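Open the model in your viewer and keep the selection panel at hand. This tour goes stop by stop, telling you what to select and what is there.

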Amino acid sequence: MTPGEPLIRWDWLLAHLGDIALRVGQHLVLTGIAVGVGLVLSLALGIWAARRPGVYAPVTWVTGVLYTIPSLALFALLVPFTGLSLLTAEIGLVSYTLLILIRNIVAGIRAVPAEVRESALGMGCTSRQVLWQVELPLALGVILAGVRVATITTVGLVTVTALIGQGGLGFFIVDGIQRFFSTPLIVGALLSVALAVALDGLLVRLERLVTPWARR
Amino acid sequence: MGATVEFRHVVKCFGSQGPPAVNDLSLLIPPGNICVLVGPSGCGKTTTLRMVNRLIEPSGGQILIDGQDVMAVEPTALRRRIGYVIQQVGLFPHQTIAANIATVPRLLKWPDERIRRRVDELLALIGLDPGPVRDRYPAELSGGERQRVGVARALAAEPPVMLMDEPFGAVDPIARTRLQNEFLRLHREQRTTVIFVTHDIDEAIKMGDHVAVLQQGGLLAQYASPEELLTKPASDFVARFVGADRGLKRLALATVADVELEQAPVVHENQVLGSPEDGLPMAGAKYRLLLDGEERPIGWINTLRMPAGERASRGAAEPSSPLLSCDTTLRDALSMLLGLAVQTGVVVDDGGRYAGVVTVQTIAGVLRAAIEEGVPSPAAAGEG
């Protein structure tokens with residue numbers, strides 16, 4: 001950073017508004033794809049694991065190991081196979097959502113009271129109807145709590161993917177570091193945090209909206 | 001509209017070893033009857049119940065509903081025709097009361113309008129006001145209300161058979177009595193065939209048209225009417241399970257309407273005792289029952305404390321007798337009399353008007369008749 005330079009140069013900010021909007025959009029898309037794909041995979045694995053206790057341990061072990069690999073290392077390891085691509089970024093981002101989401105899905109389904117499941121079956125619901133009309137709606141609160149954590153984690157991780165040419169707001173952070181220029185660095189970091197807080201707030205609203213029975 | 005349910009040599013074994021949970025059970029339940037399965041824990045009563053809707057599959061034998069083997073029907077189709085109520089109710093917490101009750105009609109794809117009409121009809125039937133209750137969630141109701149909604153949900157698609165597993169086991173004794181009476185009233189209107197599981201012999205005697213007493217190992221110890229169970233227990237096990245006080249329990253089978261009421265000397269409000277309009281001599285009876293202008297009892301007047309020529313008034317009456325109605329069981333009547341340490345209970349009709357009195361002696365007479373019919377005295381049974 002050049003001495004005497006202000007922390008934020010507002011003229012740069014104003015000149016790059018279009019660019020900033022583009023990166024915010026990109027950041028949202030990267031996060032959305034990661035959480036969306038992660039949720040679909042986790043639902044499949046989580047429902048399977050909730051039904052069969054034997055499946056749960058290996059699934060959490062594998063996703064747990066994935067979760068502990070440092071993100072930088074994971075992206076670097078993937079580059080030889082999938083290049084500096086969106087795919088590389090998403091493989092990494094998705095793998096980090098799995099542990100959180102699967103755990104919450106399994107916990108949510110397991111928390112459905114036995115008598116509720118029993119009466120649903122006893123009245124002639126098929127096991128698919130029990131899952132979609134009883135177990136998942138009741139697990140929704142816990143599942144969405146998992147989605148919130150996964151989303152916040154992913155918003156942070158997306159910035160790291162700037163190193164492999166993706167990155168959304170991470171682009172500004174990397175740019176700022178490379179040029180010893182604080183303005184984009186701060187803009188990238190602050191907007192990334194703001195994005196996480198905003199998404200979290202939206203998800204809390206969604207959670208209330210879809211679980212009206214829990215409010216009264 | 002109820003169906004005949006028949007168990008033919010039904011066996012259930014869990015695992016390959018160990019004694020069977022249900023052993024060669026044969027029962028015939030006539031349409032529209034309430035059959036209670038009762039027994040100590042581990043007697044296989046819940047297992048028996050759950051085999052009817054195939055939540056558990058029998059290892060041998062047959063269960064027939066109107067002659068059709070349940071194993072020949074696809075389980076979900078079978079269950080939609082059988083009402084199911086469990087102790088913990090199991091309402092769906094995320095659905096409104098209306099949606100809960102509509103569960104089976106929805107599975108059967110009834111038109112919306114028919115479902116809506118049926119839900120309101122059932123809510124009224126169980127004594128809940130459809131307007132405010134329809135859109136509530138189960139968590140907003142009391143335990144007793146939830147239990148009623150559970151029954152309404154089971155009745156929704158007018159099933160010919162209903163299974164109830166300790167349905168009133170989780171509510172307090174006062175609410176339980178009310179729920180039992182309500183269900184009996186409901187059953188008189190619906191005439192569904194009901195199989196009812198309980199571990200409480202008193203509940204079995206009260207609710208059952210027939211009672212099947214099961215013992216450990218899923219053996220049927222006796223299948224009889226409550227009356228016969230109490231007068232002619234088939235084995236020592238049944239006699240012990242029914243209890244040493246089964247003579248007393250028999251009183252629960254009869255109501256005040258079943259005995260001949262006695263008439264107490266009455267006097268109407270504002271009449272002068274011993275006057276011509278009263279029609280009874282002043283010294284005729286120590287106690288006179290005071291009635292108001294509409295024949296409703298007020299209390300007892302002690303004639304010895306009434307100065308001659310005085311008009312009978314409310315102030316002079318002692319309201320010490322319990323009021324009984326015609327459908328009060330003799331058992332309840334006796335315990336009310338003993339509880340208040342009085343000899344006489346006043347019986348009123350549906351409009352609250354005086355109908356007669358029941359005395360401890362009358363009830364004792366019924367008890368004596370029961371004993372003479374073959375029930376050993378409580379002392380003798382207690383030794384056995």
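Which residues of the largest nonpolar core touch the most other members? Select A:Ile102, B:Val36, B:Val52, B:Ala152, B:Ile195, B:Phe196 and B:Val213: of the 120 residues in this core, these touch the most other members. A nonpolar core here is a set of buried Ala, Val, Leu, Ile, Met, Phe, Trp, Tyr and Cys residues joined through C-beta atoms within 7 Å. A residue is buried if 20 or more other C-beta atoms lie within 10 Å of its own, exposed if 12 or fewer, and partly exposed in between, with C-beta atoms placed from the backbone.

Two notes before moving on. This is a predicted model, in which local features need pLDDT of at least 70 and side-chain atom pairs count only at pLDDT 80 or more, while totals for chains, interfaces and linings use all residues. Residues are numbered from 1 along each chain as its sequence is written, and chains are lettered from A and ligands numbered from 1 in the order in which they are written.

**Stop 1: around B:Val36**

Stay on B:Val36. Leaving aside neighbours within four places in sequence, B:Val36 is in contact with B:Phe196, B:Thr198, B:Ala204, B:Met207, B:Gly208 and B:Val211. Contact means that the C-beta atoms, placed from the backbone, lie within 7 Å. Now select B:Leu251, B:Leu291, B:Leu334 and B:Ile363. They are among the 23 residues of another core, which lies apart from the largest one.

**Stop 2: chain A**

What does its secondary structure come to? Chain A has nine helices and zero strands. Helices (H or I, at least four residues) and strands (E, at least two) are DSSP runs, numbered from the N terminus. The C-alpha atoms of chain A fill a box of roughly 75 × 45 × 25 Å along the principal axes. Of its 216 residues, 38% count as buried. Take the contacts in chain A with a separation of 6 or more: residues 24 or more positions apart account for 72% of them.

**Stop 3: a helix pair in chain A**

Show the side chains between them. On H7(A), the contact residues include A:Leu140, A:Leu144 and A:Val147. On H9(A), they include A:Leu195, A:Leu199 and A:Leu203. By class, this contact has 11 nonpolar, six polar and three charged residues. Ala, Val, Leu, Ile, Met, Phe, Trp, Tyr, Cys and Pro count as nonpolar, Asp, Glu, Lys and Arg as charged, and the others, Gly among them, as polar.

**Stop 4: where the chains meet**

**Stop 5: chain B as a whole**

Chain B has 15 helices and 17 strands. Its C-alpha atoms fill a box of roughly 85 × 55 × 30 Å along the principal axes. Of its 384 residues, 40% are buried. Colour 5–242 as domain 1 and 257–367 as domain 2. These bounds come from an automatic or database domain assignment. The domain centres, taken over C-alpha atoms, are 42 Å apart.

**Stop 6: two positive phi angles**

Most residues other than glycine have a negative phi. Select B:Asp24, in strand E2 (residues 22–29) of chain B. Its phi is positive, about 50°. B:Asp24 is partly exposed, with 15 other C-beta atoms within 10 Å.

Next, select B:Ala341, in the loop between helix H13 (330–340) and strand E16 (344–348) of chain B. Its phi is also positive, near 55°. Is B:Ala341 buried or exposed? B:Ala341 counts as exposed, because it has 7 C-beta neighbours inside 10 Å.

**Stop 7: B:Gly356**

Finish at B:Gly356, in strand E17 (residues 354–359) of chain B. Leaving aside neighbours within four places in sequence, B:Gly356 is in contact with B:Leu261, B:Glu262, B:Gln263 and B:Val347. With 18 C-beta neighbours inside 10 Å, B:Gly356 counts as partly exposed.

Technical notes:
Two residues are in contact if their C-beta atoms, placed from the backbone, lie within 7 Å.
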